[in-house]
Amino acid sequence: MQPSIDWSLCVRHLICPLCGDGFEINGRSLTCSQKHTFDLAKENYVNLIPGGTKMPKFPGDSKMMLQARRRFLDSGHYQPLVNTLLELIHKFDFDNSDGPETAVLDAGCGEGYYLNQIQQGLAFDGCYYGVDLSKDAIRMAAKRVGNGRFVVANIKKQMPLADSSTHLLLNIFAPRSPTEFARLLCPNGRLLIVIPQDNHLQALRENFDLLNIQPDKQALIEKQFAPYFKLKNRVHFKFPLKLQGGNLFDLVQMMPGQRGSQTNAQPLTESQSIETEANMTIMVFG
Ligand SMILES: C[S@@+](CC[C@H](N)C(=O)[O-])C[C@H]1O[C@@H](n2cnc3c(N)ncnc32)[C@H](O)[C@@H]1O
Ligand SMILES: [Zn+2]
């Protein structure tokens, strides 16, 4: 069993999804003033979606997608994204004046690769949170990021974190909510949103049945976030990817396919390879 981490250090950031009050730690449970109680799982995460909540039709990534994502990311192909994120964070005046209670949140954290890398790169003791709708993702992330706090919640609905609680908010290839992100971010906080550009993995998209990238995604997001945030920076970057066999299969498997149709990934063989380019944009809001 995993060593349990001390949630009391960071619990002040979390709020009860039923009444919005803060929590206290009660043994292995979080309890609010109204006695709403949510148990901490042995893997060090908490499910803050109240029982009986109607779940969306697509309840987050499946185990198979998550395992493929983990293998692909662990092979280091997206390390340039981690490096660029860290460079950007180091460039702006990241407010960690709350010391160990400084909150870093990865909204839509998946299996935890980026939160783990960012935590190692920032190298300071704070409260590192990962939120995802997929319980499988949260379980995998909690096992990977030993001292992270992981929460099952729906970004699109209500994030169970307190107003102005978050100093650094990451949102990497995941759904987002301008109003919730604005509520969570503290006055000097920064929000980093990573999205694919229209031509991201173009050669791969031409060969496999992958979900299309929404046209003009960046302009649309900037418009959605403009009422709540100032755009502080925007970075476009690209890097080549030469993919073969297992890595190629994993990249195809980890991405959402066109719903209702078959992916072409099955006939892939170890010798098959493809050369493509990753094209991404990071928007920094504050
Ligand atoms: C494309 S994956 C990206 C995961 C991770 N950020 C990464 O880049 O490795 C999108 C993630 O968003 C999660 N997700 C989808 N809808 C969500 C929602 N409404 N609330 C929270 N997470 C959601 C999925 O379960 C999945 O882990
Ligand atoms: Zn409550």
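A helix here is a DSSP run of at least four residues, numbered from the N terminus. Keep that in mind for the pocket described below. The model is predicted.

Start with the empty space. Rolling a probe the size of a water molecule over the atoms shows where empty space is left. The largest pocket holds about 1,300 Å³ of space. Its lining is made up of 43 residues. Closest to the pocket's centre are D61, F173, A174, P175 and P256.

Which helices each supply at least two residues of this lining? They are helix 1, spanning 63-74, and helix 7, spanning 217-225. Helix 7 gives the largest share, with four residues. By class, the lining has 25 nonpolar, eight polar and ten charged residues.

Now look inside. Ligand 1 sits in the largest pocket. Around ligand 1 are 19 residues. The closest of them are D61, G108, D132, N154 and I172. Sorted by class, this shell has ten nonpolar, five polar and four charged residues.

Next come the polar contacts, which are pairs of N or O atoms within 3.5 Å. Take D61 to begin with. A backbone N or O atom of D61 lies 2.8 Å from an oxygen atom of ligand 1. For L133, a polar backbone atom is 3.1 Å from a nitrogen atom of ligand 1. For I172, a polar backbone atom is 2.8 Å from a nitrogen atom of ligand 1. How much of the accessible area of ligand 1 does the protein cover? On its own, ligand 1 has 590 Å² of accessible area, and the protein covers 93% of that.

How values were computed. Residues numbered from 1 in each chain as written. Chains lettered and ligands numbered in written order. Predicted model: local features only at pLDDT ≥ 70, side-chain atom pairs only at ≥ 80, totals over all residues. Heavy atoms only, no water. Near = heavy atom within 4 Å. Polar contact = N/O pair within 3.5 Å; in protein donor to acceptor, adjacent residues only side chain to side chain. Areas by Shrake-Rupley, 256 points an atom, 1.4 Å probe, with all protein chains shown as cover. 1 Å grid on protein atoms, 1.4 Å probe; cavity = no way out; pocket = protein on both sides within 12 Å on 5 of 7 lines; lining within 4 Å. Sits in = over half its atoms within 2 Å of the grid points. Nonpolar A, V, L, I, M, F, W, Y, C, P; charged D, E, K, R; others polar. Points joined across faces, edges and corners; volume = space filled by probe spheres on them.
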